[in-house]
Amino acid sequence: MAALILPAGLLVVALMVAPMLLLARISLNQFSPTEMMVEAMSAENYLRAVQDPYYRSVLLTTMAVALGCTLLCLVLGFPTAYWLARMQSRWKSLATILILFPLLVGNVVRSAGWIALLGNDGAINAALQGLHLTDAPLPLLYNAFAVVVGIVAVVLPYMILTLSAVIEGIPRQAEEAAANLGARPLTAFRRVVLPLAIPGVAAGSVLVFILCMNAYATPVLLGGPQFKMMAPAVYDQFVRGNNWPFGASLAFILLFVTMVLTLVGSALIGRRYRR
Amino acid sequence: MTITRRLALSGGAATLSALTAGLPGLARAADGRVVVGTWGGDYGNLLRQNIDEPLVQPKGIEVLQDVASADPRKTKMLAERQARRGTYDISCLSDTDMYLVQQQSTLQDLDKGRLSRSEAVIPALKKSYAIPHIYSALVLLYNPDKVTTKPTAFADMWDPKYKGRVGFSDILYNTNTLAAAMAGGGGVSDYKPAEKMLLEMRKLDAKVYPSNEALAAALKSEEVWLTPMWLARGFMWKQADIPVKHVVPKEGAYSIVFEAAIPKNARNVDNAYTYLDAMLQPQAQTAFARKMGYLPTVKDAKLDADLMQEISLTEEEESRLVQPDYDYLQKHLNEYLDFWNKQFKA
């Protein structure tokens, strides 16, 4: 049986583990503007990233956006997922496709759509000014708001589909039994559905959180030049600054923080509802 | 569809030939091909219309454009510098970027004997490792309806009456920083005064746009009125009815040359020389001037007087032309990118 994971395993080793080891090695080198990279074994890049208030704030922004988007997806996604899971009609597959629809459009194309909608002379501002509700365009683009809206629109389908798969496994009889015993719908949700759906909440949140932490195209295109998240900061170091060692260390810090937060998050959710 | 033995065999053969295509000396030696790393958009289109199709393809050379902005292409060249076979046969970059990649020993020295057009090149623009393709100068663009007193210098952007009306393109952080340095008394070899000036500009509520195109949109909607920009870009924007005029700032006119070079690990060197020669043909050069407003780099490309007036500098303005200090940039550019990101934009 173990042989079954061999093809995928080899692929991962060749295409992910090996480049990551190389990147880890690069992260210990030193940057030199004239020679690009000088071989070294130093933790200097990591220290610099951790001590620099700018990168600390970029990391905090990234964490705040990822956490905010995850919570927003949970709140927005749960009712839809419940509705989808309990749907009996023949339209269910069509509904699933509709939910998946945002994923059929490329990230960049979707962002271009948001720019056309949120920009200073975009559709929303044109409508607001046309109706004389505002005199000057509202700053909707190139800020945290635009990034959160853009990211949520991409990752929401992941949350809905993960949740709905788990909710489908919760027998309807459980809810009916709760109602029978006098639980109001909200109580039945809080005491029966939600605890049973926790594996889905945990899986969906982890998936969405990881996607948000590593978001690249959306923050670049909708956040504009003044809004920085980690993935674009890593890219900047590699491509604009040619500082590969520092870029690599930022990449590992992002990886590490994402992993720790994911583990802590799922442990907390698990403990809260394990009775 | 049923898979017959014949179909399977022909599919196998196609796969095999595709696999061997990249192997040295096997199925294909250096054939009639040249891979050009270039910007997309107008630049890429003009290369195709004026160089690839009329001048290079008739010689039986297939031209493949690898389109990306400069930074990823530079990174690709640096990443490939140890490789025996690189992606590009021709790399198109600005003079500053070209110098930076040349310093990492990615480029071959050009054999002038293999370039029939080398004599026609304006002497001041000649380099051992690249040909100059087109050039322009950094000027101050302003909206003549809003900025009623014609500005004369980069320093005029710091006039408090233009608070919130100065815009910068994020990708031009280098020239924006230089404009600030010049306004503060510095220059191509001293960006230090830019720090104080940029922090003051931050207080004046300057706007930063993610791309030149986003900046163009902001100039068009009159959200911003002033920006340091290439004269050629200003020419294109005027053509597109964006309300701008230009002034060659009294602090100096920083020149930019877009160059082309052959990487050391190019696979089709002969074709690359043919391509460089084509880039220097007068008809190709004038086409770039007409459409993009960049000046020809060869002495025998003739432009109409009207166009000349729009895109070139007067003799007096030319006397203020300054070349980049490549060495200084190589040592300090990263520092100023950091400053731009962390202190100015943040």
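Where pLDDT is low, the predicted coordinates should not be read in detail. The structure is a predicted model, in which local features need pLDDT of at least 70 and side-chain atom pairs count only at pLDDT 80 or more, while totals for chains, interfaces and linings use all residues. Residues are numbered from 1 along each chain as its sequence is written, and chains are lettered from A and ligands numbered from 1 in the order in which they are written.

Chain B has a mean pLDDT of 89, with 91% of its residues reaching 70 or more. Helices (H or I, at least four residues) and strands (E, at least two) are DSSP runs, numbered from the N terminus. The model scores ipTM 0.79 and pTM 0.83.

The contact between the chains takes 15 residues from chain A and 19 residues from chain B. On the side of chain B that touches chain A, α3 (70–79), β6 (207–209) and α13 (326–345) each supply at least two residues. The largest share, six residues, comes from α13(B). By class, this side of chain B has seven nonpolar, six polar and six charged residues; Ala, Val, Leu, Ile, Met, Phe, Trp, Tyr, Cys and Pro count as nonpolar, Asp, Glu, Lys and Arg as charged, and the others, Gly among them, as polar.

Within chain A, the axes of helix α7 (residues 144–168) and helix α9 (residues 185–213) come within 8 Å and cross at roughly 160 degrees. Axes are lines fitted to C-alpha atoms, for helices over the stretch in contact, and angles run from 0 to 180 degrees between N-to-C directions. α7(A) and α9(A) are therefore roughly antiparallel to each other, a term for angles over 145 degrees. The residues of their contact comprise 16 nonpolar, three polar and no charged.

Helix α4 (residues 92–104) of chain A also packs with α7(A), at an angle of about 145 degrees and with the axes 8 Å apart. Here Ile99(A), Leu100(A), Pro102(A) and Leu103(A) of α4(A) meet Ala153(A), Val154(A), Pro157(A), Ile160(A) and Leu161(A) of α7(A). This contact has nine nonpolar, no polar and no charged residues.

Notes:
Angles under 35 degrees count as roughly parallel, over 145 as roughly antiparallel, 65 to 115 as roughly perpendicular and the rest as oblique. Two residues are in contact if their C-beta atoms, placed from the backbone, lie within 7 Å. pLDDT is the predictor's confidence in each residue, from 0 to 100.
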